[in-house]
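Here are my notes on the model you sent.

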Amino acid sequence: QGCDTYDGEWKVHAENNWQNPGFAQTGSHPVTCASWDDAQAYAGWLSAKTGHRYRLPSASEWEYAARTGGEAVTPWNPDGSDACASANVADKSAAHRYPGWEAFPCDDGYVYTAPVGSFKANRWALNDMLGNVFQWTEDCWHADYAGAPVDGSARRDAVCSERELRGGSWFSTPAFVRANYRNHFDANYRTSSVGFRLARDLAP
């Protein structure tokens, strides 16, 4: 309970939560107003219920999937004019609702979150890797890659009260919606621009 939501400014609303993030959502929308701690609790619950191991991806795993094994950090033109075919981002719809926003020069039709799968999937058939909601990763926050694992595992030797996020969101301006952009919040922080994506480990 309690979530930082936007209506012209960011403000914590004690009554808001994942079922009521401050705007209309359905079961087909990405969860938001969920902290890193909430995501861990859900992964544990889902693992126990299904008998499979679900977890947050490492930042390395997440970025590899977002880039689909390539070098490009976005799937759209450098000017962002075609970004709205691939992602729900700060766009003309958002700028119309909130004048003054720095927005992409396109219109995706959504101010807040969009139903999952509304936009073009990437080359590995993954939807919404960029935009819609920022996604928690397993990693503890570190300002750079010095000393980071080289095997794709999560970083656990840094500031673990804060965790790394990836992907950008419906609120994000062009500079923040790319595969290599890194953000971080406290592990117990909830906001309507952040959600999560789980990975499932497969048996060998």
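1. On the outward side of helix α1, Ala-41, Ala-48 and Lys-49 are exposed, where exposed means over 50% relative accessible area, buried under 20%, and partly exposed in between (1.4 Å probe, protein chains only). This is a predicted model, in which local features need pLDDT of at least 70 and side-chain atom pairs count only at pLDDT 80 or more, while totals for chains, interfaces and linings use all residues. Residues are numbered from 1 along each chain as its sequence is written, and side-chain values use heavy atoms, with hydrogens and water left out.

2. The buried residues of α1 are Trp-36, Ala-39, Ala-43, Leu-46 and Ser-47. Seen down the helix axis, they fall within an arc of 100°, so they line one face of α1; the arc is taken from the directions from the axis to the C-beta atoms. An α-helix has 3.6 residues a turn, so residues three or four places apart point the same way. The cover over the buried residues of α1 includes β3 (53–55), β4 and β5 (159–166), contact being heavy atoms within 4.5 Å.

3. Just after α1, Gly-51 takes a positive phi of about 80°. Helices (H or I, at least four residues) and strands (E, at least two) are DSSP runs, numbered from the N terminus.

4. Four strands form an open sheet with mixed pairing, in the order β6-β5-β4-β7, and two strands pair if DSSP finds at least two bridges between them. Strand β4 (residues 134–141) runs parallel to β7, joined to it by two bridges, and Phe-134 has Val-194 as its bridge partner in β7.
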